[in-house]
Amino acid sequence: MSSTPTQPGRLQISRRRLRTCMVLVVGLFLIFGVRLFQIQGVDASAYAAMAVDAGTASTIVPAPRGAVLDRNGEELATSVAALTLTADPSMTAENAPQIARLLRQELGADPAFDLDYFDLIDTLRTPDSRFVYLAKDVPAWTAKKALEAVSEAGLPGVFSEKQTLRSYPGGSLAANLIGYTNAAGKGVSGLEGQYDDELTGHDGQSTYEVSQSGERIPMGDSTIEEMVPGRDVTTTIDRDLQYYADERLAEAVRESESSWGLAITMDVKTCQIVQMSQSPTFNPDQRTGMQESNTVSHGVQNVFEPGSVMKVITMAALADQGKIAADTPIVVPPKMVIDKFPIGDYWEHGQLQLTAAGVIAKSSNLGTIVAANQMSDTEMYGYLDKFGFGTRTGLGLPGESAGILKPGKDWTKANHATISFGQGISVTAVQMMRAVGAIANGGSMCTPSVVSDISGPDGSDKVADTSGTDQVVSAGAAKTVTRMMEAVTAPDGTAPAAAIEGYRVAGKTGTAWRVDPDTGRYIRGQNTVSFMGFAPADAPRFLTYVVLDKPVSSAGGGSTAAPVFKDVMSMALERFGVAPTGAKSPKVPQTW
């Protein structure tokens, strides 16, 4: 017969169990207390941050890139509001075909977005993803139409992010000067590249509280780090003159079948470039014609032999030394052989009796050599160096070339002869303009510029420093050469097509053999032709240089480049209100 526990035994067991439970409870409270101390005391900041992160979201507030403006404040490059379309595949997978059809309907016609219907469906059904890009940098009004179409159809899961889009209102207008930005919004050429740091703003950030489902909580806490827009770059370019010159140059390149052409106009008093055209060019707004041959800036990056335009520099050096005047008699031989190298003029002739002005007017290589022989290699090289050949102009554009000028100590007799009339020396167009600009400006040479100021969002201006000139030849020497150059545009000169009714025009044609970049040898039958001139010759204001590379074989500077000069210079004089002086061009004898 079994026995049952007595009453005192039961009480003893109950007390033991109670003590055990108490120990367990105290132990649990002790563990919780230690953990609570760790969270609130030791790791308080870390856990607080985790809590904040779990209940907040942040978005970037993109800073608009600064604008590139013409001299009158007209926009040449600017930033416009844009949206990037995104999607949550977990929400769009089921309706992917319908969404793709609507997006293609609203955006597909624009080649910039290149939206393929089937690729869109695949993207909208991306497995194991809550975020995908559908189209980037869509103009805001276009993107909103697409979003409205999807929303009205009751199809969830398509969203947008704010962006800024670079826009070039003029399309190809001054494209080689302005440059362009890459897909990341960074300037890679022209002014966009040179002033990328100034144009680039500082993005802001918006942080706000969200619910567990990711939706923003109305009236919840939020913080905003303000964005700082980029600075505006104001150029010296006149938009209307630029447009006209672009069109006129493109016409000349087509008609002459040239490989490329340049037309640049500079204010000789300030050295501000008011127009800088190139053809063929590209369209940074539509992203067409973007091959390197079009995006390169021929005015500062390409070098070429200037040909007879260089003769005015030779004459200026001689006049500065008192060795020549406009009516100085020069005996011009029918031909020369120097270092076994035959040299002649572009026309057959016997012995001629030309004045120095006649040598320039008729563009005689042989007459220039005879005159230049009055200078030693050292003297002639010294003047070329003073005129800035062999050094960069400081224009402030990326990739500028210094040109090619062989040291005078290494010259041969043939070098001395050919350099005097513009062969055997390579220049950039801007280099050549700076040098001839000194003659137009009374012998004083200044640094060309394309930017006048840089304006910040706070209103402060950072004015580009273009101060300082170098007196490379005397004012008298410059005046003497100007008189010679006026004979070029006279009816019996080599470029009467450059004459402008009512104005005195000084100029010089240029024709030079092209150099094969692969062999370094001249290519007979292929020339670079040009015309450089300024007006009014008796009170110079503007200098225009027109260059056409490899035109049809019969083309010359006087017949092909001079008419372009006339039209562009006429537009510049009219645009800036430069009236004729009313003076008559002096009669300078060309023979003796």
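Cys446 is buried, with a relative accessible area of 6%; buried means under 20%, exposed over 50% and partly exposed in between, using a 1.4 Å probe and protein chains only. This is a predicted model, where local features need pLDDT of at least 70, side-chain atom pairs count only at pLDDT 80 or more, and totals for chains, interfaces and linings use all residues. Residues are numbered from 1 along each chain as its sequence is written, and side-chain values use heavy atoms, with hydrogens and water left out. Here's a quick tour, starting with that cysteine.

**The disulfide**

- Cys446 pairs up with Cys271 in a disulfide, with the two sulfur atoms 2.0 Å apart.
- The rule asks for a pair of cysteine sulfur atoms within 2.5 Å, and the count comes to 1 disulfide.
- Cys271 sits in the loop between β9 (260–267) and β10 (273–279) while Cys446 is in strand β15 (residues 444–446), so the bond ties together parts that are 175 residues apart in sequence.
- Helices (H or I, at least four residues) and strands (E, at least two) are DSSP runs, numbered from the N terminus.
- The torsion about the S-S bond of Cys271 and Cys446 is about 90°, so this disulfide is right-handed.
- Cys271 is buried too, at a relative accessible area of 3%.

**Aromatic rings**

- There are 9 aromatic pairs by the rule used here, which takes rings of Phe, Tyr and Trp (its six-membered ring) with centres within 6.5 Å and calls planes under 30 degrees apart stacked, over 60 edge-to-face and the rest tilted.
- Tyr117 and Phe118 make an edge-to-face pair, because their ring centres are 5.2 Å apart and their planes stand at 80°.
- Of these two, Tyr117 is partly exposed at 28% relative accessibility, and Phe118 is exposed at 57%.
- Phe531 and Phe565 form a tilted pair, 4.8 Å from centre to centre with 55° between the planes.
- That pair links distant parts of the chain, with Phe531 in strand β20 (residues 522–535) and Phe565 in helix α19 (residues 557–575), 34 residues apart.
- Both Phe531 and Phe565 are buried.
- Over at Tyr133, Lys136 lies over the face of the ring, 4.4 Å from the ring centre; the rule wants NZ of Lys or CZ of Arg within 6 Å of the ring centre and within 35 degrees of the ring normal.

- Most residues other than glycine have a negative phi, and most peptide bonds are trans.
- Ser279 and Pro280 are joined by a cis peptide bond, with omega about -5°, and Pro280 is in the loop between β10 and α11 (292–295).
- Another cis peptide bond joins Ala535 and Pro536, with omega about -15°, and Pro536 belongs to the loop between β20 and β21 (542–549).
- Glu257 has a positive phi, near 60°, without being a glycine; you'll find Glu257 in the loop between α10 (239–256) and β9.
- With 59% relative accessibility, Glu257 counts as exposed.
- Lys550 isn't a glycine either, yet has a positive phi of about 55°.
- Lys550 is in the loop between β21 and α19 and is partly exposed, at 33% relative accessibility.

**A helix residue at the surface**

- Met22 lies in helix α1 (residues 7–42).
- Its relative accessibility is 49%, so Met22 counts as partly exposed.
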